[in-house]
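Please look at the sequence and the structure first.

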Amino acid sequence: MFVMKRVVVIAIAAAVLFCLPLLTAGGGTALAAPSPKGSCKGCHADFASVLPKGHPAVKGTGLAACSSCHAPDLAAKKPENAYSVRMHRAHIPPKGKLECTACHSWVPGKSFGLIGRKGSFGKPDKEQMELLKEIFASWASSGYTDSLHAEAGIACSQCHGKGLPTFDDTVENAGCLKCHGPMEELAKKTEPKEFKDRNPHKSHLGDIACTVCHKGHMESKVYCLDCHKQFGMKIQGAAKK
Amino acid sequence: MKGNDQDEVKAGNAGGNVGRRSFLKGALAVGAVATGGFALNMAVPGLAEAAKRPLPKKWDETIDVVVIGSGFAGWSAAAQAAIGGAKAVVIEKMPTYGGNSIINGGVYASYDDKFHYRQKMGLGDDSPELHMQDTLKGGDFFSIPALAKVLAEGATDGLNWMIDDGGAVIRPTVVRAGGHSAYRTHAAGIGKVYVDALKRIAEKNGAQIRLNTAVTWIWRADADPKSPVLGVEVKSGRKISNIKVGKGLILASGGFSRDVKMRGDHYPFLSGENWNCTNHPGATGEMIRFAQSVGADTLQMNYIQLYPYADPETGILDTPALIPFNGPGNGIVYVTKQGKRFISELARRDHVSFAQIGLGPQGKPTYTIFGDDMVEKMGFTKGEIEAGLKKGRLVVGNTIAEVAQKAGLPQDALVETIDKHNKYLAEGKDPEFNKPITKAMLPMTKGPFYAVAQWPAIHHTMGGLRINEHAQVIDIFGEVIPKLYAAGEVTGGVHGTNRLGSNAIPDCVVFGRVAGRNAAKG
């Protein structure tokens with residue numbers, strides 16, 4: 001009983017917290033809380049105007065209108081007509097102000113899906129949800145490797161695989177090399193003209209993880225420079241923009 | 001020599017310290033009753049590490065043999081534990097495996113090898129006994145003889161094991177290095193050759209590694225000599241978990257040369273950030289402190305070795321920096337900026353380092369001069385010499401005068417020094433520095449000749465955890481801490497005041513194997 005009560009209290013508190021800033025942010029801006037959940041009308045009064053060019057007309061002004069054709073990519077298989085991941089960047093900070101639950105249904109520890117659709121991405125509890133929000137914000141705008149991928153329309157599952165990443169998740173080399181490989185070609189690209197053995201993709205440390213240097217959600221750093229301070233190598237995703 | 005039952009673990013017997021130990025145990029027991037089970041913690045009150053830590057109520061997992069560190073000692077231990085039938089997992093805090101070992105110079109002291117290179121090349125006699133004696137003498141007899149004996153007697157088997165089971169390829173030569181009285185130092189170019197061989201043996205026997213995983217505590221309930229180490233707390237990313245140790249915890253976490261505070265605390269002369277260091281950034285001493293916090297004894301922490309021949313600019317021990325170490329038995333010559341010899345080239349590392357430091361800051365750097373005909377005999381390839389030249393680490397000349405000119409040394413002085421040294425070799429006597437002359441030392445009469453610059457950099461911490469010949473960690477009362485083992489640079493007492501060059505890998509491999517074998521027995 002106690003546990004149940006606490007969950008309800010937290011849910012109410014969360015709802016209040018989530019909605020308040022949105023409700024108060026209304027005056028003059030285009031942003032307001034979608035009301036009810038899953039409705040886009042609160043912000044996009046002229047719903048047709050947010051559709052891409054050439055998009056057929058839709059009935060309704062909420063997620064349900066989209067979901068009749070677009071499915072959430074629960075299996076991480078990039079099906080045709082899946083919801084574009086770019087939707088996130090338009091709606092979450094810094095561009096937007098919406099909380100995850102504006103579009104997503106979430107029962108802590110049990111399910112996380114899209115409002116009005118069956119199926120779940122995973123079972124994030126409160127702690128994991130905090131992590132996901134933090135990482136998602138980084139993905140949307142950090143300037144790190146994650147946001148470089150966000151700009152290319154690449155979301156969690158394309159690196160992390162199906163399901164929601166957990167605390168100790170990482171990305172194996174095979175995951176990176178799917179798009180960036182094969183390793184031999186990467187090594188060819190970064191081979192210095194003068195000293196061929198000073199190649200970060202073919203180092204004397206042998207078979208190492210891409211993530212040694214290329215951090216997803218933190219500052220990327222050239223590991224070589226820890227010892228070879230004079231090498232002057234550069235890396236993308238090195239600092240916040 | 002054989003049959004010294006180095007594999008047999010003896011249970012710690014109660015010594016004469018019962019009173020003090022009981023007192024300590026009693027004091028901790030009071031705490032335990034009052035608070036419901038705190039972990040033993042001897043850290044200085046007030047430190048974050050001294051926080052009262054309740055023992056884990058539940059363990060996230062149980063692993064038979066947990067090995068901390070993935071260098072020579074760690075992989076040797078994991079391999080041997082896995083061969084012994086235990087589930088072995090290597091925990092590595094860094095994002096890459098191999099620690100310092102993978103950037104080590106690959107020199108391995110052993111009286112013999114499966115190819116018998118020393119005998120085949122006619123480089124004189126050697127024995128484990130002589131290796132042990134050199135080790136004791138080179139460390140000013142501060143080594144614990146029983147430990148030096150294990151090293152010397154296990155070195156050859158360890159080397160052949162890496163060759164036969166791990167596919168390690170050693171170079172077809174044996175050199176005589178500073179402090180050694182025999183040609184016994186084997187070369188592989190770089191330590192990675194052995195790390196990868198050991199990793200292969202370990203992994204094919206089922207051992208696993210977890211990178212990016214740092215130990216943040218060792219769990220032990222109290223200081224009773226019967227009280228074993230229970231497990232470790234580890235941090236991986238943001239996740240903290242507790243691993244219960246089934247059979248043994250093996251500390252193979254290396255030295256503390258990169259722990260600026262720790263090295264300065266023990267050896268104030270080496271305080272501060274200004275010293276160059278050959279080590280990787282992960283060579284910090286937290287595992288020693290964690291072990292001390294559960295009662296482990298340490299010894300000889302103030303003996304910290306400078307590598308005399310590091311790259312003067314960066315402190316890195318690259319391939320050119322290995323030449324001055326490998327070459328003395330083949331006739332290389334060390335000179336000052338003035339082109340004069342300053343020490344016997346066969347002197348110990350500490351003596352060579354302090355001879356250089358004695359020249360004062362304006363004496364930096366000194367140089368090693370060598371000839372082309374020595375290159376392969378010293379364990380190098382022509383390709384490595386060419387790479388060194390391209391990077392500007394070496395200079396070359398057809399005459400000694402040309403080398404002097406390119407290195408910025410006074411030509412006349414260097415020519416005179418090398419001529420004199422050639423004469424000493426011919427006469428079999430070095431009246432200046434009393435270097436023992438051997439027939440394998442080649443005079444520099446025909447070019448090309450080379451010079452490489454060198455200067456001391458912090459390299460190896462001889463001190464560390466006290467162990468016995470079974471690699472069991474000993475507590476401050478002289479008792480074995482059950483289930484706790486250590487091997488390699490994290491331990492102390494094997495090398496005394498000064499480790500002989502090329503004794504580090506056999507130390508790690510031999511004691512790693514002993515620890516792994518014993519831990520697997522549980």
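Which residues does Val396(B) touch, not counting residues up to four places away in sequence? Val396(B) touches Leu389(B), Val403(B), Pro448(B) and Tyr450(B), where two residues are in contact if their C-beta atoms, placed from the backbone, lie within 7 Å. This is a predicted model, in which local features need pLDDT of at least 70 and side-chain atom pairs count only at pLDDT 80 or more, while totals for chains, interfaces and linings use all residues. Residues are numbered from 1 along each chain as its sequence is written, and chains are lettered from A and ligands numbered from 1 in the order in which they are written.

Val396(B) has its place in strand S14 (residues 394-397) of chain B; helices (H or I, at least four residues) and strands (E, at least two) are DSSP runs, numbered from the N terminus. Because Val396(B) has 18 C-beta neighbours inside 10 Å, Val396(B) counts as partly exposed; a residue is buried if 20 or more other C-beta atoms lie within 10 Å of its own, exposed if 12 or fewer, and partly exposed in between, with C-beta atoms placed from the backbone. Lys57(B), in the loop between helix H1 (18-35) and strand S1 (61-68) of chain B, counts as exposed, because there are 8 C-beta neighbours inside 10 Å. The table sets out one C-alpha to C-alpha separation for each of these two residues.

| Pair | Apart in sequence | C-alpha to C-alpha |
|---|---|---|
| Val396(B) and Phe370(B) | 26 residues | 9.7 Å |
| Lys57(B) and Gly71(B) | 14 residues | 32 Å |

**Helices of chain B**

Helix H6 (residues 192-204) of chain B has 13 residues, which at 1.5 Å a residue should span 18 Å, and its end C-alpha atoms are 18 Å apart, so the two values agree; the expected span is 1.5 Å times one less than the number of residues of the helix. H6(B) is mostly covered, with 10 of its 13 residues buried, among them Val193(B), Tyr194(B), Leu198(B) and Ile201(B), together with the charged-type names Lys192(B), Asp196(B) and Lys199(B). The cover of these buried residues includes helix H2 (72-83), H5 and H14 of chain B. Just after H6(B), Gly206(B) takes a positive phi of about 105°.

Two of the covering helices also meet each other. The axes of helix H5 (residues 145-164) and helix H14 (residues 504-521) of chain B come within 8 Å and cross at roughly 90°, the axes being lines fitted to C-alpha atoms over the stretch in contact and the angles running from 0 to 180 degrees between N-to-C directions. H5(B) and H14(B) are therefore roughly perpendicular to each other, a term for angles of 65 to 115 degrees. H5(B) contributes Val150(B), Leu151(B), Gly154(B), Ala155(B) and Gly158(B) to this contact, and H14(B) contributes residues including Pro506(B), Val510(B), Phe511(B) and Arg513(B). The residues of the contact divide into 8 nonpolar, 2 polar and 2 charged, where Ala, Val, Leu, Ile, Met, Phe, Trp, Tyr, Cys and Pro count as nonpolar, Asp, Glu, Lys and Arg as charged, and the others, Gly among them, as polar.

Helix H8 (residues 286-293) of chain B is mostly covered as well, with 6 of its 8 residues buried, and the buried residues include Met287(B), Arg289(B) and Phe290(B). They pack against S1 and several strands of chain B, including strand S7 (213-220) and strand S9 (239-251). H8(B) is followed by Gly295(B), whose phi is positive, near 105°.

**Domains and chains**

In chain B, the domain assignment, which is automatic or from a database, gives domain 1 (1-51 + 62-303 + 462-522) and domain 2 (311-458). The centres of these domains, taken over C-alpha atoms, are separated by 33 Å, and 22 residues of domain 1 of chain B are in contact with 23 residues of domain 2 of chain B.

Chain A has 8 helices and 2 strands, and 19% of its 241 residues count as buried. Its assignment gives domain 1 (2-158) and domain 2 (173-231), with 5 residues of domain 1 of chain A in contact with 7 residues of domain 2 of chain A. Between the chains, 13 residues of chain A are in contact with 16 residues of chain B, and the chain A side divides into 7 nonpolar, 3 polar and 3 charged.

Methods:
Angles under 35 degrees count as roughly parallel, over 145 as roughly antiparallel, 65 to 115 as roughly perpendicular and the rest as oblique.
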